[in-house]
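Here is a short note for someone opening this structure for the first time. Please keep the sequence and the 3D view side by side while reading.

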Amino acid sequence: MPRKILLPPSSWSEKWYTSKDFYLNLVQRSLAELFGTMLFVFVGVLSTRDTDFDVRYDTTPSSVVAVALGHGLGLMGMIAAFGHISGGHFNPAVTTGAFIAGKINVLAAVFYVLAQFVGAICGSLLVLVLGIGHVTTGIHALGPNVSPGQGIFVEMMLTTFFVTTIINCAMDKQSDSKWMAPLGIGLALSASIIGGFHISGGSLNPARSFGPVVAASGTGSQVWQNHYVYWVGPLLGGIIAGTGYRFLFSSTPVIPLRAARKHSRSIDPLSIG
């Protein structure tokens, strides 16, 4: 009697980009990124109300801590709320790092980034309802006597620290600290803002910097001054963090500095490709 051949479910044999479920799943996750980024930016920009980034040398330490906690706690809440749906990126630099680390495919990464920028603009426009003054205080700017090169370097290093925390804590399948990922990530963001506030403002997030600038663009072109710093620095940091994980620190690194960790990998359609 010939042996019966068990065929895998049809979804296994389909390419991820031909699956209807993939696109429905992608839409849901992208909406989670949009909504989460919108709320994060709304809370973050409001937390700067008593702090003008343009005169940060007059800012009291308590105001800096308030801004850091506003962003850190806000991000913590959004990761707890949407992390199980989209992974809780809310930041193009995080998505860039996750893509390089092999945690998300290129199509999902593009959708995530677009959703994040749209969400950041929407969140800033919601703040604009309260008045332009509430938005302009949330625009990132370099500190006194800080060059664009220095700003890029600080943003790059802080983002490397931040994205490394996210990838190793929340995305590595062998991490034992996933249960506390929202807390660890929120604290990492707060620490980064405290460290970089008087130099670059501590953005670490191109979308967070872009949203308020778009909302306040009617006040003049000066809001765009040195804005590229907040794209170049964080994206470089995401690239460094993602590359470091993929080549050195993952369960199966490209450069095996130790024996590969045994793990059971569950297939996530957004991580294929």
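1. Start with Asn226. This is a predicted model, and in it Asn226 counts as partly exposed, because its relative accessibility is 24%. Asn226 sits in the loop between α9 and α10. Its phi is positive, near 60°, though the residue is not a glycine. Most residues other than glycine have a negative phi.

2. Asn145 lies in the loop between α6 (132–136) and α7. Is Asn145 buried or exposed? Asn145 counts as exposed, because its relative accessibility is 82%.

3. Now the overall layout. The chain holds ten helices and zero strands. Its pattern along the sequence reads α-α-α-α-α-α-α-α-α-α. Of its 273 residues, 48% are buried. Take the contacts between residues at least 6 apart in sequence: 78% of them join residues at least 24 apart.

4. Back to the loop between α9 and α10, for His227. This histidine lies in that loop, which runs from α9 (206–215) to α10. His227 is buried, because its relative accessible area is 8% and the cut-off for buried is under 20%. Which side chain makes a polar contact with the side chain of His227? The partner is Trp231, at 2.8 Å. Setting aside residues up to four places away in sequence, His227 touches Ser209, Phe210 and Val213.

5. The axes of α9 and α10 come within 9 Å and cross at roughly 165°. The two helices are therefore roughly antiparallel to each other, as an angle over 145 degrees counts as such. The crossing of α9 past α10 is left-handed. From α9, the contact uses Pro206, Ser209 and Phe210; from α10, it uses Tyr230, Trp231, Pro234 and Leu235. By class, the contact of α9 with α10 has six nonpolar residues, one polar and no charged. Ser209 and Phe210 take part in this contact, and both also touch His227.

6. Helix α9 has another partner. Helix α5 (residues 106–128) packs with α9 at an angle of about 45°, and the axes are 8 Å apart. That angle makes α5 and α9 oblique to each other. α5 passes α9 in a right-handed crossing. On the α5 side, the contact is made by Gln116, Phe117, Ala120, Ile121, Ser124, Leu125 and Leu128. On the α9 side, it is made by Pro206, Ala207, Phe210, Gly211, Pro212, Val214 and Ala215. How do the residues of the contact of α5 with α9 divide? They come to eleven nonpolar, three polar and no charged. Pro206 and Phe210 belong to this contact, and they also belong to the contact with α10.

7. Helix α10 also meets α7. Helix α7 (residues 148–171) and helix α10 (residues 229–249) have axes that come within 7 Å and cross at roughly 40°. That makes α7 oblique to α10. The crossing of α7 past α10 is right-handed. By class, the contact of α7 with α10 has 14 nonpolar residues, nine polar and one charged.

8. Stay in α7 for Thr165. This threonine is placed in helix α7. A polar atom of its side chain lies 2.9 Å from the backbone oxygen of Phe161. Leaving aside neighbours within four places in sequence, Thr165 is in contact with Ala170, Gly184 and Ala188.

9. Last, Leu69. Its place is in helix α3 (residues 61–86). Leu69 is partly exposed, because its relative accessible area is 41%. What separates the C-alpha atoms of Leu69 and Ile194? The two residues are 125 apart along the chain, and their C-alpha atoms are separated by 9.2 Å. Not counting residues up to four places away in sequence, Leu69 touches Gly74 and Ser190.

Definitions and conventions:
Residues are numbered from 1 along each chain as its sequence is written. This is a predicted model: local features need pLDDT of at least 70, side-chain atom pairs count only at pLDDT 80 or more; totals for chains, interfaces and linings use all residues. Side-chain values use heavy atoms; hydrogens and water are left out. Axes are lines fitted to C-alpha atoms, for helices over the stretch in contact, and angles run from 0 to 180 degrees between N-to-C directions. Helices (H or I, at least four residues) and strands (E, at least two) are DSSP runs, numbered from the N terminus. Angles under 35 degrees count as roughly parallel, over 145 as roughly antiparallel, 65 to 115 as roughly perpendicular and the rest as oblique. A crossing is left-handed if the near helix is turned anticlockwise from the far one by less than a right angle, and right-handed if clockwise. Ala, Val, Leu, Ile, Met, Phe, Trp, Tyr, Cys and Pro count as nonpolar, Asp, Glu, Lys and Arg as charged, and the others, Gly among them, as polar. Buried means under 20% relative accessible area, exposed over 50%, partly exposed in between (1.4 Å probe, protein chains only). A polar contact is a pair of N or O atoms within 3.5 Å; within protein, one must be able to donate a hydrogen and the other to accept it, and residues adjacent in sequence count only if both atoms are side-chain atoms. Contact means heavy atoms within 4.5 Å.
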